[in-house]
Amino acid sequence: MRVRCTLQTHKGIGAVTLVEAEMGGRELLDGRDLPFDTAEVEIDDAGVLDLLEPVVREWWVEEFGEFVPGNGGFFTPPQKEAIPRIHDRENALICAPTGSGKTQASFCGIVNELFRRDRAEGLENSVYCLYISPLKSLANDIHRNLEVPLEAITAKLAERGEDAEIRHAIRHGDTADSERQAMLDETPHILNTTPETLAILLNSPKFKQKLETVEYVIVDEIHSLAENKRGSHLSVSLERLEAMAARSPTRIGCSATVEPLDGMAEFLVGRASPGGPPREYELVDARFVREFDIELSCPTDNLLYTPADAVNDRFYEQLHDLIEDHTNTLVFTNTRSGAERVLHNLRERFGYDESDSGCHHGSLSKDRRQSVEEALKAGDLDVVTTSTSLELGIDMPHLDLVVQVGSPKSVAALLQRVGRAGHQVGETVTGRVIALDRDELIECAVMLGKAEEGFVDRVFVPENAQDVAAQHVYGMAINGPRPEREVRAILRQAYPYRHYDDADFEQLCRYLTADYEGLEEKNVYAKIWRDTNDPPHGEHHYEEFPVGEGLVGKRGRLARVIYMTNIGTIPDSFTCDVFTRGSDEWVGQLDEAYLDTLDPGDVFVLGGDRFEFRYRRGSNVYVDHTGARPTVPSWFSERLPLSYDLGREILAVQRELLARLERGGKSAVRVWLREFPVDDNSARALARTFDEQVRYAGSESVATDERLVVEEERDREVYERRYYVHSNYGRRFNDGFSRLLAYRCARATNANVTVAVADHGFTLSMPLNRKVDITGLVRGIDPEEVRPDLRTSLEGTDLLERYFRINATRALMILKRYKGHEKSASQQQVNSDMLLGFARDLEDFAVIEETYREILEDKLDVAGIEGILGEIQRGDIEVATVRVDSPSPRAFGLAALTASDVVLAEDESAVLQKFHRRVLEEIGGGDGSDGPVTESDGPATTDRT
């Protein structure tokens, strides 16, 4: 596909006219040996080139002049807009695909200014530019890319007898102490760092003075920061830097394809005053300036009955052919184990070895990852497999194909991954998505179709995180004493805290001052003091502040050490050992995140055996052997959940698909689906699935953007009633919605209700002699009751215990490091378990409240649930109940999650085939006709609400 964007033309380029600027640019081109006629080539950005210092201009043309025909000038589209913004010292968000040169543009504008200033007046031994990246490897990558222009430009000046030096360095958690000390003596003018290290530098007694001269801040990969607490942490650090710096630093944000742009820009720039408007900013929207060639493929048109070996054979043959047809191929899978498995099979089947293939993911050693990165960037590897890790840096000039195995779960993730191919200007971005799961076919088809249309999923920013606020208020108090009004203002100027009110701040300060009886007896001590600067002889009186001025300061002699060694937002995690209760037999291990899905009584599969979860103590899980059917999926995936926005788009497409099916049958659907970037196998499989769904259970059984479907099955063999809720809003939404309904069902039936969750829906199971009107239940939920009900449903869960530990550690209630000792995640959990019961009884306790906020808002998508229930109450979404004797085709995946005979993948295949045979028996067997269908074609009964 060809996607374009419209960019505004920069008007003010100084006294030099466009004609003069263009002539100067062409003269520089004429001095190069280039494979095109420099007099004939189109140039539309000579004015931008003329903004650069002559020596920088010469270097740019020498380095990138060969790409002028592809660019229509000297710069890529985002560079044409970004460099003038930086020249004019305007805050800017540059949003463009990977490989379009946005980060290079940011550095170019700033380096240009620093060379000009160094030659004119010299630079101080201080920091002028901060480059902040969430990824250490990306910082290293930029560091290497920064060396090239700085050395080349410095060499050009030296040839002219001019002396100039712009120093740069990288500093993060792995930087040696000797290197840190050296930075004090010879300070880099450009410092590459991470959000966590910046927060430490702001409290470094000596180095923080070096930050007072900062005039530029580049925040790279801002889309991946904004959606989590690392971004919240960084946003407050930037406001602390703002208050410290001699002048307001110009903020440049670099983002891949993201939405909403204004929201991301406001996140970048913050507010000049609490409650005021965002600081001024410019948007450089170049999200769709590259040419894409993307397609969904499937190894077969029938994933149900094609033997697994045949599917695997076709998949690997197709993958091998793609690798053979391209120079360098990057294969994304959704799990680390998947990346290892794909590489292993390629090597076993086609003779790849370490000389031409590699694997890259977070579980590998740093040296191994760097070795693979360097070989890929050098073009030495034919193929590299990787997981959800995006730490591959940017400079991969030989990469011309990205293959995504399975759904990446959002359009943004798809574009970010596929965008790693075709980094050379003018190259087509080539990407192939291969679906191996029937439930992902419609998801991937819609995803690719929406990508072609320019749709992007929204980023949701966590708000008012008290654990992050605790770290920064503590840090500001350590640098104090300082007026409390300044501390509040700095917090509220940061975008995630723009709605932070006095009640929030008082709640936080009650915790930080340990204003709770018995708290210090639990070894949780006050971290700050508050005082109104009493007259002389008061405990906290400082003459530099007026009497009556509210002040905050630090408590404890080791406050700075505690802050420096414990801050950050990335939680530690651990693996739990699983033991049987009776014999203390060790049966295996579980990732602690898997425990989020388990409640006492749940049954899961481990090592091919079934166990009933009883309880957890610290890092140990205790279970009983059982023969009961599993109630929780036996897999745990690292992959991201389906985005809420994409889920809604899928539901809208399903409504259109139904209409075409009813008008023209399967053939009409296939013809329509071929308008999407999908192969014939995918189109045929999708048409067949929805045709069988409607013929079996009626069109009312298909969820759309106007209908939520509850499918009820009575399984007399295992004496169980199951409700399959078709709510295609993603796993976060379904996790929260299922907990809400399970809580209400349990109250209504006085029975245990088990839950299994997927991206496209969830299952509620209860004894057959219990029945509940799910449709009426959903209709009757007041959106305002969602939060309190969900909060109550979390009591006593491992999910609450785990998140309390994470937040207690972030809020420095539990110290990971103290006096040379370090607590592992499992040791932190033991401390947390002892504190939770006490903290839960404290009134309005900040760490407890933040734990509930994070679970409800960030993990369970309570806002999305409230929104959908609001639409149901307004009548915009109907609720339909469909009663079936066996799961419908669209519920097969949900039913397999809790099927008693599913332990291994081949078991799941057999169960799905069993479900399908029942469907075919009901609708008359075969593949069904291609004629129009009606609601009366299916045997199921439907209730509409």
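What is the strand order of the open sheet of 6 strands? I read β8-β13-β12-β9-β11-β10, with parallel pairing; strands here are DSSP E runs of at least two residues, helices H or I runs of at least four, both numbered from the N terminus, and two strands pair if DSSP finds at least two bridges between them.

I noted that the model is predicted, with local features needing pLDDT of at least 70, side-chain atom pairs counting only at pLDDT 80 or more, and totals for chains, interfaces and linings using all residues. Residues are numbered from 1 along each chain as its sequence is written, and side-chain values use heavy atoms, without hydrogens and water.

β8 (292-297) and β10 (357-360) each pair on one side only. Inside the sheet, β9 (residues 328-332) runs parallel to β11 (residues 383-386) over 4 bridges, and F332 stands opposite T386. I then found α14 packed on the sheet, touching β9, β10 and β11; contact means heavy atoms within 4.5 Å.

I checked α14 (residues 336-350) against α13 (residues 308-324): the angle is about 80° and the axes are 11 Å apart. Axes are lines fitted to C-alpha atoms, for helices over the stretch in contact, and angles run from 0 to 180 degrees between N-to-C directions. α13 is therefore roughly perpendicular to α14 (65 to 115 degrees; under 35 is roughly parallel, over 145 roughly antiparallel, the rest oblique). Residues of α13 in this contact include Y316 and L319, and those of α14 include L346 and F350.

Last, I looked at β21 (residues 620-625). It pairs in the parallel sense with β17 (residues 575-580) over 4 bridges, and antiparallel with β20 (residues 609-617) over 6 bridges. In the hairpin of β20 and β21, G618 takes a positive phi near 60°.
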